[in-house]
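Dear colleague,

Please find below the structure that I am handing over to you. My notes on it follow directly after.

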Amino acid sequence: MSSHEETLPLVTVAVICYNHAQFVIEALESVKAQTYQNLHLVVLDDCSEDDSVSVIQHWLNLNYPDAVFVEHEFNVGICQTVNDALTNARGKYLRFLAADDRWIPNTLAQQIEIMETTSEDVGVLYSNALLINECGELLPGTFIEIHRTFAEMPEGWIFDTLTHGNFIPAMTAVIRLLCVEVVGGVDEGLITEDWDMWLRISRHFKFKYFPKPTAYYRMLRTSMTRTRHDEIVDSERRMFVKCLRRGWLTGEKKQEAIDAEYLEACRAYLLGLPDRTQEAASTFRHRMCIKHALLLSFVLVGLPYQRFDATIMLLSNMKRRAELILARCGIGREPR
């Protein structure tokens, strides 16, 4: 390492692989192609079923023999894998790369230069990403365009903006490692890692936008957003319940989270989870209505969930019938 490189802040680059043997060399080569050289490379394989491990090992032996290579004996999922990356992270900044994506050359140095001249309350510098198909061919549009539409890219304190949907391309973001020290690692009870992390970081740090794309995002038919959609929806519901209980939400988002919390309490009741009483009490505190009161009462008494569900259906049917009778009599609801 030259004396100039030693003066540059150390950046941990974490490349995460699962069954991407056909793409991982492109990803690693895109890291190697960066002009920024003071890197701590960490490569993690989450028990791939293809030959990703041998492909990675061969490339590292030839190009980065000092890299940290973490091989999971069992598939643990993206959240725990990211936490393993955080455990091995060193230096001042962190940037992730999924093994099926790749970086645009000569962009990391520009990003680090901006972060070094920006106040430390900026925790994340993100950019847009270009889209490619499985063959690496450029597709129309960008990552952010397929998720959100903005007149101006969000910067500064963006928590409220993030509550309406995730739009940060994780493979473009330079993260100040101080953020992880403040907010902690990834919640392993969730299915996906990034949106929850952005929300937590955005409560403590500002975000800044880098105006040039810095990565290629590969659109795959086997991506988790397509194959595990229902699980992701459930995970996002739990994420917003966490935000609700921390007092972070207001207005419409708070009401949506209260609805989500009720569903989570019903799920805990149905499955007989140990925290079902706590879940029912929490949802009643946030909305003191008959339905939530009945849920708490049934849980406390120890009646089976099926009895509660039948009672709620009975009340709903009675309400609908009453509304029909009122409508036939020409009686509407009184204005509030």
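Strand β6 (residues 122-126) is largely enclosed by the rest of the structure, because 5 of its 5 residues are buried. Buried means under 20% relative accessible area, exposed means over 50%, and partly exposed lies in between (1.4 Å probe, protein chains only). Strands (E, at least two residues) and helices (H or I, at least four) are DSSP runs, numbered from the N terminus.

Please note that this is a predicted model, in which local features need pLDDT of at least 70 and side-chain atom pairs count only at pLDDT 80 or more, while totals for chains, interfaces and linings use all residues. Residues are numbered from 1 along each chain as its sequence is written, and side-chain values use heavy atoms, with hydrogens and water left out.

Strand β6 has partners among the other strands; two strands pair if DSSP finds at least two bridges between them. With strand β10 (residues 206-209), β6 pairs in the parallel sense over 4 bridges, and valine 122 has lysine 206 as its bridge partner there. Strand β9 (residues 174-176) runs antiparallel to β6 and is joined to it by 2 bridges; leucine 125 stands opposite valine 174.

I turn next to the salt bridges. A salt bridge is a side-chain nitrogen of Lys or Arg within 4 Å of a carboxyl oxygen of Asp or Glu, and the count by this rule comes to 14.

One of them joins arginine 200 and aspartate 196 (3.0 Å, N to O). These two residues are 4 residues apart in helix α8 (residues 194-202), so about one helical turn separates them. Arginine 200 is buried at 8% relative accessibility, and aspartate 196 is buried at 2%. Both belong to a network of salt bridges that links Asp187, Asp196, Arg200 and Lys242.

Another salt bridge is formed by arginine 237 and glutamate 264, whose closest N and O atoms are 3.1 Å apart. Arginine 237 lies in helix α10 (residues 229-245) and glutamate 264 in helix α11 (residues 251-271), so this pair ties together parts that are 27 residues apart in sequence. Arginine 237 is buried, with a relative accessible area of 19%, and glutamate 264 is buried at 7%.

Glutamate 261 and arginine 245 also form a salt bridge, with 2.8 Å between the closest N and O atoms. Glutamate 261 is buried, at 0% relative accessible area, whereas arginine 245 is partly exposed, at 37%.

Yours sincerely,
A colleague
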